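Student: I have a model open on my screen. Can you show me how to read its features?

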Amino acid sequence: MTNTERPLAISAPEPRTLDLIFSDKARAELHAKYEIVEADSENIAGLGDDILGRARYIIGQPPLSADTLGRMPALRSILNVESNLLNNMPYEVLFQRGIHVVTTGQVFAEPVAEIGLGFALALARGIVDADVAFRQGNELWGGEGNASARLLAGSEIGIVGFGDLGKALRRVLSGFRARIRVFDPWLPQSILEENGVEPASMEDVLTKSDFVFVVAAVTSENRGFLGAEAFASMRRGAAFILLSRADVVDFDALMAAVSSGHIVAASDVYPEEPLPSDHPVRSLRGFIRSAHRAGALDSAFKKMGDMVLEDMDLMDRGLPPMRCKRAERETVSRMRSKPVAVN
């Protein structure tokens, strides 16, 4: 079989790499089934018409113009392996032509949900502070070390956003017999109820929860929507756990709420990444920090490659993609999440 007999796929997966997202076996399968053209994500337009004209798939989400897409009559799908949908291509043109735009972000849902559970338990039981105190020889034994401790079991939990991550979070919390309220304006009440959670207003999620998990994507409508007023409305001593993107909160207001002792918090994401060495959150007591590592497991990255291969195989057979999540015409241009800078 010659290269020209194989479907052509343009590989521009930055900031990922093919080695990161494909196991050795999966990458061998990729190269056996497809002609792979490695490309600079910023210069797809610079590829020749002999390549663009035959390209069936793009692995990545490079900037694309309508003119460049016009040179790609065989294109069937853009497989976004970064997972954040950037407003860097004419989605209306893609939808009009029936070109699938799909993402692999759901691979991160379970690992991020698990670390979110870890944050909640650590905040509820003061695990991090107790460990530091022990290392310093200042530990408090028994009940003396539990002055502010509480149980996650039987608590009231609020979740902001209920996509793949919200659903995974609900699953890992299911054994704690908690009352779980969810605010997600993009979902009908029935879907929330079918998933065993209680539809609620943003106000109720904030004011009635012992633990608030934020897993909402950043959109053109919700940047910084959780600010000083929102944090002030939370129960004193409640835990605020940020797992999606920092742009949904006023980060300075979050730090102020923690600094005042009103709430405690944990975050895996920050306004700048990597975070400056002198950023005040680094020394903030009552705040658990994680360096955007919640979902960055090798097993998750390799699952991306498996999903891409499965969906490419389906589309090769004239079927729609089923493993990756398809972008929706009504919402794709409203997404504002920043791509990850590091793996």
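This is a predicted model: local features need pLDDT of at least 70, side-chain atom pairs count only at pLDDT 80 or more; totals for chains, interfaces and linings use all residues.

Student: Start with the overall layout. What does the domain assignment give for the chain?

Tutor: The assignment gives domain 1 as 8–104 + 298–333, and domain 2 as 109–289. Their C-alpha centres lie 34 Å apart. The contact takes four residues from domain 1 and four residues from domain 2.

Student: How much area is buried between domain 1 and domain 2?

Tutor: About 300 Å². Carbon and sulfur atoms give 49% of that area. On the domain 1 side, N84, K325 and T331 lose the most area to domain 2. Together they account for 83% of what that side buries.

Student: How many salt bridges does the rule find across the interface of domain 1 and domain 2?

Tutor: The rule finds one. Now look at D164 and K325. These two form a salt bridge, with their closest N and O atoms 3.7 Å apart. The cut-off for a salt bridge is 4 Å.

Student: What is the general idea behind such pairs?

Tutor: Side chains of opposite charge can pair when their charged atoms come close. In the whole structure, a search finds 18 salt bridges. Take K33 and D313, whose side chains meet at 3.2 Å, N to O. K33 lies in helix α2 and D313 in helix α13, so the pair ties together parts 280 residues apart in sequence.

Student: How accessible are K33 and D313?

Tutor: K33 is partly exposed, with a relative accessible area of 30%. D313 is partly exposed too, at 26%.

Student: Which residues are linked in a network of salt bridges?

Tutor: E156, R179, R181, E198, D210 and R235.

Student: Now the rings. How do I read an aromatic pair?

Tutor: Check the distance between ring centres, then the angle between the planes. The structure holds six aromatic pairs. In one of them, Y34 and Y57 have ring centres 5.9 Å apart and planes at 80°, so the pair is edge-to-face; planes over 60 degrees apart count that way. Y34 is in the loop between α2 and β2, while Y57 is in strand β3, 23 residues away. Both are buried.

Student: Which residues form one aromatic cluster?

Tutor: F251, Y270 and F287 do. A ring can also have a charge over it: the charged end of R150 sits over the ring of F211, 5.0 Å from its centre.

Student: Last topic. Is I59 buried or exposed?

Tutor: I59 is buried, with a relative accessible area of 0%. This residue is found in strand β3. Beyond its neighbours within four places in sequence, I59 is in contact with residues including I10, L30, L79, V81, V308 and M312.

Student: And where does S41 lie?

Tutor: S41 lies in the loop between β2 and α3. At 11% relative accessibility, S41 counts as buried. Setting aside neighbours within four places in sequence, S41 is in contact with A12, E14, P62 and P63.

Terms used: Residues are numbered from 1 along each chain as its sequence is written. Side-chain values use heavy atoms; hydrogens and water are left out. Rings of Phe, Tyr and Trp (its six-membered ring) pair if their centres lie within 6.5 Å; planes under 30 degrees apart count as stacked, over 60 as edge-to-face and the rest as tilted. Helices (H or I, at least four residues) and strands (E, at least two) are DSSP runs, numbered from the N terminus. Buried means under 20% relative accessible area, exposed over 50%, partly exposed in between (1.4 Å probe, protein chains only). A charge sits over a ring if NZ of Lys or CZ of Arg is within 6 Å of the ring centre and within 35 degrees of the ring normal. Domain bounds come from an automatic or database domain assignment. Contact means heavy atoms within 4.5 Å. Buried area is the accessible area (1.4 Å probe) that two parts lose on being put together, summed over both.
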